[in-house]
Amino acid sequence: MSNNKYKILIVEDEANIRSFIKANLETSDYQVICAETCTLGIMLYASHHPDLIILDLGLPDRDGLDLIRQVRESDTTPIIVLSARSNERDKVEALDLGANDYITKPFGTEELLARIRAVLRSHRQGAENESTPSGKYQLQDLLIDYDKRQVFVGKDEIDLTQTEYNIMAYLSIHAGKVLTYAAIIRAVWGYSDYGSVKKLQVNMKNIRKKMGVTPGEKRYIVNELGVGYRMLEDNL
Ligand code: CA
């Protein structure tokens with residue numbers, strides 16, 4: 001066995017989900033360790049230093065959010081949360097506490113592996129260039145030129161306001177990752193107040209319209225209902 005495999009910690013109390021994930025990850029050449037409780041998960045995190053944590057929020061002993069708090073006190077190990085379909089508030093809280101992404105149950109192998117790859121990749125790339133990105137971002141026929149602060153769809157430049165551009169730039173820097181309303185608002189306006197989410201939604205609506213995207217269409221940006229927005233990646 002090689003030592004350079006990514007080590008992934010699964011914290012999940014449901015045995016069939018745990019073994020489903022474990023089997024799939026091992027097939028994809030990840031090294032896997034498992035915990036059925038939050039307490040054991042925290043212990044294994046401390047002793048094994050995994051490269052990534054897959055975390056169920058509904059655990060028998062403690063709330064999975066406790067594990068996120070604990071991990072984020074010391075480091076940036078990527079965390080993907082497993083969540084029930086209906087529980088938007090849990091997802092938002094987990095993301096705002098520092099989880100990197102979430103997957104809604106039930107989920108398939110392809111989605112799971114794509115999320116893991118995306119989170120590991122963006123973790124590797126780090127956030128050094130976050131404040132002043134340079135270069136270009138390309139997604140299908142969408143092109144963002146960070147140096148010139150211009151956005152193109154095909155050959156056409158899209159005439160965005162400063163705020164609209166800042167939203168696009170922020171989403172694209174974190175492409176593949178779901179960003180909560182609160183995170184986008186903090187990044188773009190620096191503060192949030194009553195009505196901020198509405199303001200963001202209005203801006204998003206205008207951005208989509210200017211880019212020729214019809215309401216409900218999952219082009220460039222996906223609306224994660226009740227949670228936030230995710231810019232797509234070319235390879236997802
Ligand atoms: Ca559970």
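Thr 37 counts as partly exposed, because its relative accessibility is 24% and the class of partly exposed residues sits between buried (under 20% relative accessible area) and exposed (over 50%), with a 1.4 Å probe and protein chains only. The place of Thr 37 is the loop between strand E2 (31–35) and H2; helices (H or I, at least four residues) and strands (E, at least two) are DSSP runs, numbered from the N terminus. Leaving aside neighbours within four places in sequence, Thr 37 is in contact with Val 11, Leu 59, Pro 60 and Asp 61, where contact means heavy atoms within 4.5 Å. Leu 25 is 12 residues from Thr 37 along the chain, and the C-alpha atoms of the two are separated by 20 Å.

The model is a predicted one, in which local features need pLDDT of at least 70 and side-chain atom pairs count only at pLDDT 80 or more, while totals for chains, interfaces and linings use all residues. Residues are numbered from 1 along each chain as its sequence is written, and side-chain values use heavy atoms, with hydrogens and water left out.

On the scale of the whole chain, eight helices and 12 strands are found. Along the principal axes, the C-alpha atoms fill a box of roughly 50 × 40 × 30 Å. Of the 236 residues, 47% are buried. Among contacts with a separation of 6 or more, 59% come from residues 24 or more positions apart.

As for charge, the mean positions of the 30 positive and 34 negative charges are 4 Å apart. Lys and Arg count as positive and Asp and Glu as negative, with His and the chain ends not counted; each charge is placed at NZ of Lys, CZ of Arg, CG of Asp or CD of Glu.

In H3 (64–74), the buried residues are Gly 64, Leu 65, Leu 67, Ile 68 and Val 71. These residues cover an arc of only 150 degrees around the axis, which puts them on the same side of H3; the arc is that of the directions from the helix axis to the C-beta atoms. Exposed residues Glu 73 and Ser 74 are carried on the face of H3 turned away from its buried side. The cover over the buried residues of H3 includes strand E1 (7–11), helix H2 (38–48), strand E3 (52–56), E4 and H4.

Helix H4 (residues 88–97) has Lys 91, Ala 94 and Leu 95 as its buried residues. Seen down the axis of H4, they fall within an arc of 95 degrees, so they line one face of the helix. An α-helix has 3.6 residues a turn, so residues three or four places apart point the same way. The buried residues of H4 are covered by elements including H3, strand E4 (79–83), strand E5 (101–104) and strand E10 (178–180). Just after H4, Gly 98 takes a positive phi of about 120 degrees.

Several loops hold backbone features worth a look. Lys 105 and Pro 106 are joined by a cis peptide bond with omega of about -5 degrees, and Pro 106 is placed in the loop between E5 and helix H5 (109–125). Gln 140, in the loop between strand E6 (136–139) and strand E7 (142–145), has a positive phi near 50 degrees although it is a residue other than glycine; its relative accessibility of 44% makes it partly exposed. Arg 149, also not a glycine, has a positive phi of about 55 degrees. The loop between E7 and strand E8 (150–153) holds Arg 149, which is partly exposed at 39% relative accessibility.

Asp 51 lies in the loop between H2 and E3 and is partly exposed, with a relative accessible area of 31%. Not counting residues up to four places away in sequence, Asp 51 touches Lys 5, Tyr 6, Lys 7, Thr 77, Pro 78 and Leu 120.
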